[in-house]
Amino acid sequence: MTTPEVRTGAVRLGPRSLAALCLVSAVGVAGFGWPLFADPTSQVAAHAQDAPWLFAGLLVLLVAVVTATISESGLGPKAVAMLGVLAATGAALRPIGAGTAGIEPMFFLMVLSGRVLGPGFGFVLGSVTMFSSALLTGGVGPWLPFQMLAMGWFTMGAGLLPGPDRLRGRGELALLAAYGFCAAFAYGTVMNLAGWPFMGALASNVAFDPHADVTANLARFLAYCLATSLGWDLGRAVVTVALTLALGATLLKALRRATRRAAFETPVTFEPR
């Protein structure tokens, strides 16, 4: 009886997983950025109620991502169960700071989990975690599908970082901390883009102007981010870095050990005598 070598790296992306991720990301980019390129007469605000359709489409695409990843990687039900446990843990962490001053400890867990599980499962984990936390905190609204997409990208990015099979120790923690710092700002910026086009009624010099060109609106958007969310994003980034450096080594070991036992179990084979 022999037991083949067990893989310890992140879940690899196969062609179907990659295609599903590209499709859902393309839908997300269109959902976030289309007001910048819409015709001035298209009544942008009228599309503020389209979020339920985006949410329904996103759920279908999430199922496609996880199905493709499972079928191509040979992962079993234990891997899906671990995904659920991590999503529940992240959802429970979110209300701790209630977003006050950017204190959101769930982000560091998403960084570490994405690193271990890989980009495909990382995207699904981030999206499902945000959905679960919204149910837990009563934060269900038209912003939810955008939060799910942004958190999915946030977690997926950690799975795309270099050296998942080789880089370990302080170097890996430094890489994850640097990614968490930058991605925390990126998350806040993307979420600002989801609501900013619909604040035109405020008649502010940082509001979206449907009659202005893309360059002018991007300048307005940058001013809007600096004026409204810079402090929150900085708090989120600092908390993510601090928790990653303080708890990252221990949690990475635990996640990799659980992954080896749950997700990467290889069937035992018997050799004839």
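A salt bridge is taken here as a side-chain nitrogen of Lys or Arg within 4 Å of a carboxyl oxygen of Asp or Glu. By this rule, the predicted model contains four salt bridges.

**View 1. Salt bridge between Glu172 and Arg115**. The closest N and O atoms of Glu172 and Arg115 are 2.8 Å apart. Glu172 belongs to helix 7 (residues 170-195) and Arg115 to helix 4 (residues 106-117), so this pair ties together parts that are 57 residues apart in sequence. Glu172 and Arg115 are both buried.

**View 2. Salt bridge between Arg256 and Glu172**. Glu172, shown in the previous view with Arg115, also meets the side chain of Arg256, with an N to O distance of 2.5 Å. Arg256 lies in helix 9 (residues 230-262) and Glu172 in helix 7, so the contact ties together parts that are 84 residues apart in sequence. Arg256 is buried, as is Glu172.

**View 3. Salt bridge between Arg236 and Asp233 within helix 9**. The N to O distance between the two side chains is 2.8 Å. Arg236 and Asp233 are three residues apart in helix 9, which is about one turn of the helix. Arg236 has a relative accessible area of 8% and therefore counts as buried, the limit for this class being under 20%. Asp233, with a relative accessible area of 5%, is buried as well. Together with Glu104, Asp233 and Arg236 form a network of salt bridges.

**View 4. Positive surface patch of Arg168, Arg257, Arg260 and Arg261**. Four arginines make up this patch: Arg168, Arg257, Arg260 and Arg261. One of them, Arg168, sits in the loop between helix 6 (144-159) and helix 7. Arg168 has a relative accessible area of 33% and is therefore partly exposed. Residues of a patch must have over 30% relative accessible area and no salt bridge.

**View 5. Nonpolar surface patch of Phe181, Leu234 and Val238**. The patch made by Phe181, Leu234 and Val238 covers about 240 Å². Val238 is part of helix 9, the helix that also holds Arg236 and Asp233 of View 3. The relative accessibility of Val238 is 46%, so Val238 counts as partly exposed.

Conventions
Residues numbered from 1 in each chain as written. Predicted model: local features only at pLDDT ≥ 70, side-chain atom pairs only at ≥ 80, totals over all residues. Heavy atoms only, no water. Helix = DSSP H or I, 4+ residues; strand = E, 2+ residues; numbered from the N terminus. Buried < 20%, exposed > 50% of the residue type's maximum accessible area, 1.4 Å probe, protein only. Patch = residues over 30% accessible without salt bridge, like charges linked within 9 Å, V, L, I, M, F, W, Y side chains within 5 Å. Areas by Shrake-Rupley, 256 points an atom, 1.4 Å probe, with all protein chains shown as cover. Lys, Arg positive; Asp, Glu negative; His and termini not counted. Charge placed at Lys NZ, Arg CZ, Asp CG, Glu CD.
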